[in-house]
Amino acid sequence: MQISRAGSRPSQTPSPEYFTGRVRMDPIGAADEPGRHRVLLVTFEPGARTNWHTHPLGQTLHIVSGLCLAQIEGEPVEELRPGDSVWFPQGVRHWHGAAPDVAMSHLAIQEALDGETADWAEPVSEADYGSPRAG
């Protein structure tokens with residue numbers, strides 16, 4: 001058994017190379033080899049979001065607070081609320097973040113392949129971020 005006490009793992013600021021706006025990541029857990037899972041609590045200030053990216057083994061998000069916007073390339077932007085979960089299959093290009101006027105936190109659950117959990121691409125354009133939302 002390995003216990004991580006509250007306050008024992010410092011918050012992290014992710015590289016601005018992969019995010020727009022203010023984002024904080026709080027580590028929840030990561031498996032030792034041969035396990036591959038990684039879990040983070042990620043908090044996005046209003047308007048903050050990821051770049052476009054994919055995950056080599058997919059990703060689950062579970063919304064904890066606020067209003068999450070998420071989009072798979074070529075599809076409408078989806079609104080996700082606390083208690084909602086979404087699965088992004090492996091290799092599917094997408095982004096996610098906070099709404100323009102509401103902060104958001106989600107649990108990000110993914111597995112590492114050869115030590116990598118994401119393949120990052122370009123920032124999400126304002127046109128994509130503001131595109132029509134799913135009905």
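The lining of the largest pocket divides into 14 nonpolar, 14 polar and three charged residues (Ala, Val, Leu, Ile, Met, Phe, Trp, Tyr, Cys and Pro count as nonpolar, Asp, Glu, Lys and Arg as charged, the others, Gly among them, as polar). This is a predicted model, in which local features need pLDDT of at least 70 and side-chain atom pairs pLDDT 80 or more, while totals for chains, interfaces and linings use all residues. Residues are numbered from 1 along each chain as its sequence is written, and side-chain values use heavy atoms, without hydrogens and water.

**Pocket**

Stay with the largest pocket, whose volume is about 510 Å³. Select Met25, Arg38, Leu40, Gln110 and Thr117, which are the closest to the centre among the 31 lining residues. A pocket here is an open set of points on a 1 Å grid over the protein atoms alone where a 1.4 Å probe fits, with protein on both sides within 12 Å along at least five of seven lines; lining residues have an atom within 4 Å of a point. Next colour β2 (23-30), β3 (37-44) and β11 (104-111), each of which supplies at least two lining residues. Strands are DSSP runs of E, at least two residues long, and helices runs of H or I, at least four, numbered from the N terminus.

**Sheet**

Seven bridges join β2 to β3, and strands pair if DSSP finds at least two bridges between them. Methionine 25 has valine 42 in β3 as its bridge partner.

**Loops**

Go to proline 34, in the loop between β2 and β3. The peptide bond from glutamate 33 to proline 34 is cis, with omega near 10°. Then select aspartate 114, in the loop between β11 and β12 (119-120), where phi is near 55°. Most residues other than glycine have a negative phi, and most peptide bonds are trans. Aspartate 114 is exposed, at 77% relative accessible area (exposed is over 50%, buried under 20%, partly exposed in between, with a 1.4 Å probe and protein chains only).

**Salt bridges**

Finish with arginine 49 and glutamate 126, whose side chains meet in a salt bridge (2.7 Å, N to O). The pair links strand β4 (residues 49-50) to helix α1 (residues 126-129), 77 residues apart. A salt bridge is a side-chain nitrogen of Lys or Arg within 4 Å of a carboxyl oxygen of Asp or Glu. Arginine 49 is buried at 3%, whereas glutamate 126 is exposed at 57%.

Notes: Points joined across faces, edges and corners; volume = space filled by probe spheres on them.
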